[in-house]
Amino acid sequence: MKRKAFCLLPFALIIAFGVTALHPAPLPLEKRYISVRFPTGAKITAEVADTEEKRTLGLMFRDHLDPDKGMIFIFPVADQYRFWMKNCLVALDIIWLDEKKRIVYHEENLPPCKADPCPSYGHQGKALYVVETTGGFFKKMGLKNGMIVEFSLTKS
């Protein structure tokens with residue numbers, strides 16, 4: 001009899017406290033930042049996206065991005081990574097870097113996606129890092145493929 005009462009306890013909790021008691025609202029993701037320096041002297045403060053959850057959210061739903069801000073996506077292995085502008089509200093430049101932090105590809109002034117499905121952007125080579133900046137940053141700062149970017153990573 002005790003076993004049956006124990007099995008019914010979760011159902012009693014759902015009735016008493018509602019489903020939200022068992023599935024609370026997600027906590028905001030902790031943000032971490034690093035300085036990303038480009039060989040032309042340009043520098044941004046980049047929010048670090050180093051977990052699957054942070055990489056998935058990216059810069060979605062942000063209605064503004066300062067010219068000296070951005071996001072750096074850090075992947076566990078070098079591979080082909082494609083990006084889209086779903087739920088992005090501002091134009092972005094996206095810069096793919098290899099394991100040596102060399103710019104291997106970039107896309108400029110990608111507009112927010114207004115239709116579904118959204119196009120995706122990427123290249124055939126492998127990247128370990130991807131940097132998102134404000135639209136027009138790449139050209140304005142005189143960046144070129146092949147340049148080496150500087151940043152330091154610490155364990156979170």
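## Ground rules

Residues are numbered from 1 along each chain as its sequence is written, and side-chain values use heavy atoms, with hydrogens and water left out. Since this is a predicted model, local features need pLDDT of at least 70 and side-chain atom pairs count only at pLDDT 80 or more, while totals for chains, interfaces and linings use all residues.

## Overall layout

The protein has 3 helices and 8 strands (DSSP runs numbered from the N terminus: helices are H or I with at least four residues, strands are E with at least two). Reading from the N terminus, the order is α-β-β-α-β-β-β-β-β-β-α.

Of the 156 residues, 36% count as buried (buried is under 20% relative accessible area, exposed over 50%, partly exposed in between, with a 1.4 Å probe and protein chains only). The accessible surface comes to about 10000 Å², and 60% of that belongs to carbon and sulfur atoms (Shrake-Rupley method, 1.4 Å probe; for residues, only the protein chains shown count as cover). Among contacts between residues at least 6 apart in sequence, 69% join residues at least 24 apart (a contact is heavy atoms within 4.5 Å).

Strands E5 (residues 92-97) and E6 (residues 103-110) pair antiparallel over 5 bridges (pairing takes at least two DSSP bridges between the strands). Leu-97 has Ile-103 in E6 as its bridge partner. The two strands make a hairpin with 5 residues between them, and Lys-101 in the turn shows a positive phi of about 65 degrees.

Asn-109 is partly exposed, at 44% relative accessibility.

## Cysteines

A search of the whole structure turns up 1 disulfide (a pair of cysteine sulfur atoms within 2.5 Å). It links Cys-113 and Cys-118, S to S 2.0 Å. The torsion about that S-S bond is about -100 degrees, so the disulfide is left-handed. Cys-88 is in no disulfide; its nearest cysteine sulfur, on Cys-118, is 8.6 Å away. Cys-88 is buried at 6% relative accessibility, and Cys-118 is buried at 12%.

Most residues other than glycine have a negative phi, and most peptide bonds are trans. The Asp-116 to Pro-117 bond, though, is cis, with omega near 5 degrees. Pro-117 lies in the loop between E6 and strand E7 (120-121).

Phe-61, not a glycine either, has a positive phi of about 70 degrees. Phe-61 is in the loop between helix H2 (52-57) and strand E3 (69-79), and is exposed at 53% relative accessible area.
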